[in-house]
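Q: Hi, I have a structure open and I'd like to go through a few parts of it with you. Could you help me read it?

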Amino acid sequence: GLSEIAEEFKRLDRHRRTRGLSLAEAGQYHALFERLSDTLALGERSRRVDARQFLRVPFAMTLTIRRAHGTIAAVCHDFGGGGCAISSDETFELDDDVWLDGAEIEGQAHPLHGRATVVWTRLPVAGARSRFGLRFCIDAAEERDQIDRLLYRVLDRFLAR
């Protein structure tokens with residue numbers, strides 16, 4: 001089933017990041033990526049062609065963001081190994097650095113510390129908050145590990161629904 005596909009994807013993704021993949025493993029990884037991506041996108045109304053390098057999982061959680069005046073909570077709408085989409089009452093501009101200081105899923109805190117860059121913005125519509133696309137700036141191996149652990153947790157919870 002789908003959870004077995006996700007487990008195999010996670011296994012290959014860990015290998016990809018630590019030792020690289022053989023040609024056969026790379027083909028299998030790509031096929032699993034496509035199957036998971038298509039399954040995760042089934043609920044989208046108008047799916048765009050997505051050439052991202054990392055899988056994105058539509059899943060709501062809260063991210064804590066450090067600002068000069070303190071921390072704020074942002075709603076995360078989808079999360080992947082390369083970035084995420086958030087909404088916030090705060091305003092961010094393209095190319096702004098955003099400092100992440102944790103994530104919360106269903107009341108449980110998870111480490112997510114590092115920097116991201118704003119790569120797209122969407123103005124609020126009909127009373128909704130502004131939306132922003134963040135690309136993670138992986139400056140240390142520990143940041144990559146935190147992102148991966150959170151992604152796998154999100155993927156597991158998404159598939160358990």
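Q: Which residues in H1 meet residues in H3?
A: Keeping in mind that this is a predicted model, the residues on the H1 side are Leu2, Ser3, Ala6, Glu7, Lys10, Asp13, Arg14 and Arg17, and they meet Arg144, Asp148, Tyr152, Leu155, Asp156 and Leu159 in H3.

Q: And by class, what residues does that contact have?
A: The contact of H1 with H3 has eight charged residues, together with five nonpolar and one polar.

Q: How do the axes of the two helices, H1 and H3, cross?
A: The axes of helix H1, which covers residues 2-18, and H3 come within 10 Å and cross at roughly 170°. Angles over 145 degrees count as roughly antiparallel, so H1 is roughly antiparallel to H3.

Q: Let's pick out Asp156: what is it in contact with, leaving aside its neighbours within four places in sequence?
A: With those neighbours left aside, Asp156 is in contact with Glu7 and Lys10, and both Glu7 and Lys10 are among the H1 residues that meet H3.

Q: What does Asp156 count as in terms of accessibility?
A: Asp156 has a relative accessibility of 34%, and because this lies between the cut-offs of 20% and 50%, Asp156 counts as partly exposed.

Q: How many residues apart are Asp156 and Pro124, and what about in space?
A: In sequence Asp156 and Pro124 are 32 residues apart, while in space their C-alpha atoms are 31 Å apart.

Q: New topic, cavities: how many of 30 Å³ or more does a search of the whole structure find?
A: The search finds one cavity of 30 Å³ or more, and the volume of the largest cavity is about 60 Å³.

Q: Which residues line the largest cavity?
A: The lining is made of Leu100, Leu112, His113, Gly114, Arg115, Phe136, Cys137, Ile138, Glu143, Gln146 and Ile147, and by class these divide into six nonpolar, three polar and two charged residues.

Q: What gives the most to that lining?
A: E5 gives the most, with four residues, although strand E6 (130-137) and helix H3 (141-160) also each supply at least two.

Q: Staying with E5, is Thr117 buried or exposed?
A: Thr117, which lies in strand E5 (residues 108-122), has a relative accessible area of 10%, and because buried means under 20%, Thr117 is buried.

Q: So what is Thr117 in contact with, beyond its neighbours within four places in sequence?
A: Leaving those neighbours aside, Thr117 is in contact with Asp95, Asp96 and Asp97, as well as with Gly133, Leu134, Arg135 and Cys137.

Technical notes: Residues are numbered from 1 along each chain as its sequence is written. This is a predicted model: local features need pLDDT of at least 70, side-chain atom pairs count only at pLDDT 80 or more; totals for chains, interfaces and linings use all residues. Side-chain values use heavy atoms; hydrogens and water are left out. Buried means under 20% relative accessible area, exposed over 50%, partly exposed in between (1.4 Å probe, protein chains only). Contact means heavy atoms within 4.5 Å. On a 1 Å grid over the protein atoms alone, a cavity is a set of points where a 1.4 Å probe fits but cannot get out, and a pocket is an open set with protein on both sides within 12 Å along at least five of seven lines; lining residues have an atom within 4 Å of a point. Grid points are joined across faces, edges and corners, and a volume is the space filled by probe spheres set on the points. Ala, Val, Leu, Ile, Met, Phe, Trp, Tyr, Cys and Pro count as nonpolar, Asp, Glu, Lys and Arg as charged, and the others, Gly among them, as polar. Axes are lines fitted to C-alpha atoms, for helices over the stretch in contact, and angles run from 0 to 180 degrees between N-to-C directions. Angles under 35 degrees count as roughly parallel, over 145 as roughly antiparallel, 65 to 115 as roughly perpendicular and the rest as oblique.
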